[in-house]
Amino acid sequence: MIKTRTGVVAALGTAALVATLTAPAAFAAPSPTAETAPTLRTSTYSPSASSAEDQAANRQFFEAVMKSALKKQAAKPGIQVVTVRYSTSRAPSFRSQIASSTQIWNSSVSNVKLQESSSGADFEYREGNDSRGSYASTDGRGHGYIFLDYRQNQQYNSTRVTAHETGHVLGLPDHYSGPCSELMSGGGPGTSCTNAYPNAQERSRVNSIWARGIATLKDEGALTKVR
């Protein structure tokens, strides 16, 4: 889970969209050194209790990414798919895992697509050492990143870590009690779990979330708010 030190991100213009989301969280594992503290702080990848504050902060990361993506595509009449752009320039060691995660998600859902971009990214991947492990962070203004911790990615299957964290960007919460076949079960099934694919329910949920985002984009009143 992640907590914020900034104000609440502006809503997308539809309370129902936000109400359907529960808290995305983070992978985490011990690491000897830490980079500069992010805008949001995280808790562990292992199962833990989640406060209302954690849930609200986690929703902000997804909301910021969706708002940024919708704003870029607001000038495209008849849009059917939202494209979320990301940068890997600060995570060169994980480009293979990120590419695999992107392929997995793009082949699994239809209302949103991930695309690597050298400019105008909605979020970015970063790498390094951090005692908090891997996490997602945003400045609350549509700019954020996924941090991939070296040691934690050695303990757990790295493609699963990356795909799991990317699932949070797409609006999915953690569900620690789920089986290995459930991507968002995170560390619940243990380090032996290598599944990096969302199950049918997770795929359906992402499609539903982003379909409502497209509807928001097409609605004139909501579109004014997105801008």
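**Figure 1. Glutamate 124 and its bridge partner in strand 7.** The bridge partner of glutamate 124 in strand 7 is tyrosine 145. The model is predicted: local features need pLDDT of at least 70, side-chain atom pairs count only at pLDDT 80 or more, and totals for chains, interfaces and linings use all residues. Residues are numbered from 1 along each chain as its sequence is written, and side-chain values use heavy atoms, with hydrogens and water left out. Strands (E, at least two residues) and helices (H or I, at least four) are DSSP runs numbered from the N terminus. Strand 5 and strand 7 pair in the parallel sense over 6 bridges, where pairing requires that DSSP finds at least two bridges between two strands. The charged end of arginine 126 sits over the ring of tyrosine 145, 3.7 Å from its centre; this description applies if NZ of Lys or CZ of Arg is within 6 Å of the ring centre and within 35 degrees of the ring normal.

**Figure 2. Strand 7 and its antiparallel neighbour, strand 6.** Strand 6 and strand 7 pair in the antiparallel sense over 4 bridges. Serine 137 stands opposite tyrosine 145 in strand 7, and tyrosine 135 stands opposite phenylalanine 147 of that strand. How many of the residues of strand 7 are buried? The count is 6 of its 6 residues, buried being under 20% relative accessible area, exposed over 50% and partly exposed in between (1.4 Å probe, protein chains only). Gly144, Ile146 and Leu148 form one covered side of strand 7, and Tyr145, Phe147 and Asp149 form the other. Strand 6 is likewise covered on both faces, with Tyr135 and Ser137 buried on one side and Ala136 and Thr138 buried on the other.

**Figure 3. Asparagine 129 in the loop between strand 5 and strand 6.** Asparagine 129 is found in the loop that joins strand 5 to strand 6 (135-138). This residue counts as partly exposed, at 28% relative accessibility. Its C-alpha atom is separated by 9.2 Å from that of phenylalanine 147, which is 18 residues apart from asparagine 129 along the chain.

**Figure 4. The largest nonpolar core and phenylalanine 123.** A nonpolar core is a set of buried Ala, Val, Leu, Ile, Met, Phe, Trp, Tyr and Cys residues joined through side-chain atoms within 4.5 Å. The largest one here has 36 residues, and those with the most contacts inside it are Val84, Trp105, Phe123, Tyr125, Val206 and Trp210. At least two residues of this core come from each of several elements, including helix 2 (52-73), strand 3 (82-90), helix 3 (95-108), strand 5 (123-128) and helix 6 (200-218). Helix 2 gives the most, with 6 residues. In soluble globular proteins, nonpolar side chains tend to be buried together. Leaving aside residues up to four places away in sequence, phenylalanine 123 touches Val65, Val84, Arg85, Tyr86, Ser87, Leu114, Gly144, Ile146 and Val169; contact means heavy atoms within 4.5 Å.

Figure 5. Rings of Phe, Tyr and Trp (its six-membered ring) pair if their centres lie within 6.5 Å; planes under 30 degrees apart count as stacked, over 60 as edge-to-face and the rest as tilted. Ring pairs link Tyr86, Phe123 and Tyr125 into a cluster. By the ring rule the count comes to 5 aromatic pairs. The pair of phenylalanine 94 and tyrosine 150 is stacked because the ring centres are 6.2 Å apart and the planes lie at 10°. Phenylalanine 94 lies in the loop between strand 3 and helix 3 and tyrosine 150 in helix 4 (residues 150-155), so the pair ties together parts that are 56 residues apart in sequence. Phenylalanine 94 is buried, with a relative accessible area of 6%, whereas tyrosine 150 is partly exposed, at 30%.

**Figure 6. The disulfide of cysteine 180 and cysteine 193.** The structure holds 1 disulfide, defined as a pair of cysteine sulfur atoms within 2.5 Å. Cysteine 180 and cysteine 193 form this link, with their sulfur atoms 2.1 Å apart. The link is right-handed, with 90° about the S-S bond. Both cysteines are in the loop between helix 5 and helix 6, 13 residues apart. Which of the two is buried, and which is partly exposed? Cysteine 193 is buried, with a relative accessible area of 4%, while cysteine 180 counts as partly exposed at 28%.
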